[in-house]
Amino acid sequence: MRRSRPKLARTFEYVLGPQTPLRITAYDGSSVGPPDAPAGIELTSPTALSYLLTAPGQLGLARAYVTGHLRVFGDVYTVLRTLAPWANGLDWRSALRVLRDLGPGHLRRLPPPAEEMPGRFRRGVRGLRHSKGRDSQAISRHYDVSNRFYELVLGPSMAYTCACFPTEDATLDQAQAHKFDLVCRKLDLRPGMRLLDVGCGWGGMVAHAAKHYGVHALGVTLSRQQAQWGQKHIVAEGLADRVEVRHLDYRDVTETGFDAVSSIGLTEHVGARNLPGYFRFLAGRLRPGGRLLNHCITRPTTQDPHRTGPFIDRYVFPDGELEGIGEILAAMQDNGFEVRHEENLREHYARTLAGWCANLDAAWDEAVAEAGLGRARVWALYMAASRLSFERRHIELHQALGVKVGEDGDARMPLRPDWGV
């Protein structure tokens, strides 16, 4: 007589299918999936089920994982790739089946982890979305974690944006340097020019541009820790006479007449409604003939929603918004720029994230000591999920080059630029 398996095993087999490559074990002793599977998950307590059932999809999974009631063994990316069809929750038939199997007792509302931000409505009491004060809080929440933690994840480049891999076998650091070179060439930077880098992070772009292209550069960031690290690095590199990193909102930059502006990873924090004002402001910082390189994550179409999903919004980038590249190009065209070049680096961001995930795995214990176990789990989950999103074209990464054309119509562009990199 065949012995029946416990309920949890039957339920997960129903949801994932009998051929799931994951090994799933539960606190009741049940399991499904190949015993020798390279990756899998373990539900350590009924609390995991309560999180999964009361906040279905990505938010419930995040809560269970961050609190440790759902553990991942093996590669987080492999687990998420298998669970991707259920990222937004079960269909109603599957949900009813799960509730019938497990019982309503698991529908317990539990407090979210300490790492989770309040929802959008509750954040509204702190100020209007994309106001200076609320933007400052959102940026600090993400970036003022620990500079050492980011050193472990990002590597020597300290570049927290998409790299550009010149060859298949290029390292992450080589690809980040190549990205900075690509931006510098597109901006046609030359010795003595003035560069403004908005959302400058730890100052990688301004340091690279000054060191290799001889420019005078100003970088601004809303993260105090980034600014402190970046300015210290500038001094150590002997660039303090030509480069400055300020803790400042880009909207508070008063200098004008720059030869070029780079915006690498800032547009995601601006907001769709604010794009016209954003590009008008940047155009106002440039001299006639000056160039803007805008590098940002985008949606695959202009019909996709601007707001991010609940996990990214509450754990990673509060108030972040993503637009289709068509919306961004239209805003550039209508607010001071002639668009001269555009390219999609989607696959490069997937590879960049794979490198960051590998760095975090290799330095896991030190990363946990720096930022805490919950925060380290958030980053592991978000980077693996983002890699998957870029691979499957749920999001893209675009660079758009604009010129502030003078009254005579001269864009000061070569006929067929190839950027030389």
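Which residues line the largest cavity?

The model is predicted, so local features need pLDDT of at least 70 and side-chain atom pairs count only at pLDDT 80 or more, while totals for chains, interfaces and linings use all residues. Residues are numbered from 1 along each chain as its sequence is written, and side-chain values use heavy atoms, with hydrogens and water left out.

**View 1. Lining of the largest cavity.** The residues that line the largest cavity are Leu61, Tyr65, Leu70, Val72, Val76, Val79, Leu80, Leu83 and Leu381. A cavity here is a set of points, on a 1 Å grid over the protein atoms alone, where a 1.4 Å probe fits but cannot get out; lining residues have an atom within 4 Å of a point. By class the lining has 9 nonpolar, no polar and no charged residues (Ala, Val, Leu, Ile, Met, Phe, Trp, Tyr, Cys and Pro count as nonpolar, Asp, Glu, Lys and Arg as charged, and the others, Gly among them, as polar).

**View 2. Elements around the largest cavity.** At least two lining residues each come from helix 3 (58-66), strand 4 (70-73) and helix 4 (76-83). Helix 4 gives the largest share, 4 residues. Helices (H or I, at least four residues) and strands (E, at least two) are DSSP runs, numbered from the N terminus. The space in this cavity is about 50 Å³, and the structure holds 2 cavities of 30 Å³ or more. A volume is the space filled by probe spheres set on the points, which are joined across faces, edges and corners.

**View 3. Salt bridge between Glu255 and Arg246.** The two side chains meet at 2.6 Å, N to O. A salt bridge is a side-chain nitrogen of Lys or Arg within 4 Å of a carboxyl oxygen of Asp or Glu. Glu255 is partly exposed at 24% relative accessible area, and Arg246 is partly exposed at 23%. Buried means under 20% relative accessible area, exposed over 50%, and partly exposed in between (1.4 Å probe, protein chains only).

**View 4. Salt bridge between Asp249 and Arg251.** The N to O distance in this pair is 2.8 Å. Asp249 is buried, with 5% relative accessible area, whereas Arg251 is partly exposed at 26%.

**View 5. Salt bridge between Arg393 and Glu396.** Here the side chains meet at 2.6 Å, N to O. Arg393 is partly exposed at 41% relative accessibility, whereas Glu396 is buried at 4%.

**View 6. A salt-bridge network.** Salt bridges link Arg63, Glu116 and Arg314 in a network. The count for the structure comes to 16 salt bridges.

How values were computed. On a 1 Å grid over the protein atoms alone, a cavity is a set of points where a 1.4 Å probe fits but cannot get out, and a pocket is an open set with protein on both sides within 12 Å along at least five of seven lines; lining residues have an atom within 4 Å of a point.
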